[in-house]
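These are my notebook entries on one structure. I record what I looked up, in the order in which I looked.

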Amino acid sequence: MPPNIARFASGRRRCERPPDAYRNVIDLHCHHLPGIDDGAPDMETALALLEASAADGITEAVLTPHVYPGRWDNTLSSLRPVFAAFKQAAEAAAIPVTLHLGGEVHLLPEALHLCDEGDLPLIGLWQDLRVVLLEFPDGQIPVGALKAVAYLRQRGIVPMIAHPERNKDVMRDPLRLKPFVDAGCLIQVTAASIAGRFGRRALQTSIALLERDWITAVATDAHNLKHRPPMLSDARDALVRLAGEIKAADLTEINPGIIVAGRNDPAFPAV
Ligand SMILES: [Fe+2]
């Protein structure tokens, strides 16, 4: 165990596995929906991805295709029929994963304005705020990103920042994320990063965020079976080693569970 993590772990409650741990592993970020972004190209591949999710122990998934105006022109209303068809096919194939529709929203004015039209895909609710999975462009933190966060917060939406550990600015200096955490943003780290499958720098940055207790959830960001599979189990094992059973359950089950459960709240727009 690296010394920095030993220090972190020593401050945590080291205890037995929580009684309900690993019963409901929830993937908040994946690109299974067929034919609408750089994830699954067709229904057959999409179902194979979902089978792999189930085989890895994932019981519930929020499908988060790119919402990237000018590149992938998806909106909540355009995604609904694609989601309905995939859900029906998954049920027909008896794949035991509960499905929800969300999106991974690129930080662009045209995308954020979808919230004013009620057409922004959301992933759930956190402390009575609607949660949008937000991706920074170009692997950097753009000028004006904090203003965009304020724009969303004013509308009762809190961003969950997708995979900041793969962002070049955050890799250089994890403290670049602090203003966003202070502004209430949630943080989603990619399973492959924490498991070491995305290289040393992504792992080190993930650990730096874990040490600061900034991570809300770990998710697969799965795109395909070969290079970016829907695998959370190795990340969960890494989290157990790095921070203990409780934290591993918090990031793969408890926090995602709270967010997804909020979808049943009347404040959450109908999907
Ligand atoms: Fe993604």
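I looked up the contacts of Asn167 and, leaving aside its neighbours within four places in sequence, found Phe136, Gly139, Gln140 and Ile141; two residues are in contact if their C-beta atoms, placed from the backbone, lie within 7 Å. The model is predicted: local features need pLDDT of at least 70, side-chain atom pairs count only at pLDDT 80 or more, and totals for chains, interfaces and linings use all residues. Residues are numbered from 1 along each chain as its sequence is written.

I placed Asn167 in the loop between β8 (157–162) and α6 (168–172); helices (H or I, at least four residues) and strands (E, at least two) are DSSP runs, numbered from the N terminus. Is Asn167 buried or exposed? I noted it as buried, because 22 other C-beta atoms lie within 10 Å; the cut-off for buried is 20 or more, for exposed 12 or fewer, with partly exposed in between.

I then turned to Leu239. Not counting residues up to four places away in sequence, Leu239 touches Ile194, Val218, Lys247, Ala248 and Leu251. Leu239 is also among the residues with the most contacts inside the largest nonpolar core, which has 78 residues. Such a core is a set of buried Ala, Val, Leu, Ile, Met, Phe, Trp, Tyr and Cys residues joined through C-beta atoms within 7 Å.

Last, I examined two helices. In α10, Arg236, Leu239, Val240 and Ala243 meet Glu245, Lys247, Ala248, Leu251 and Thr252 in α11.
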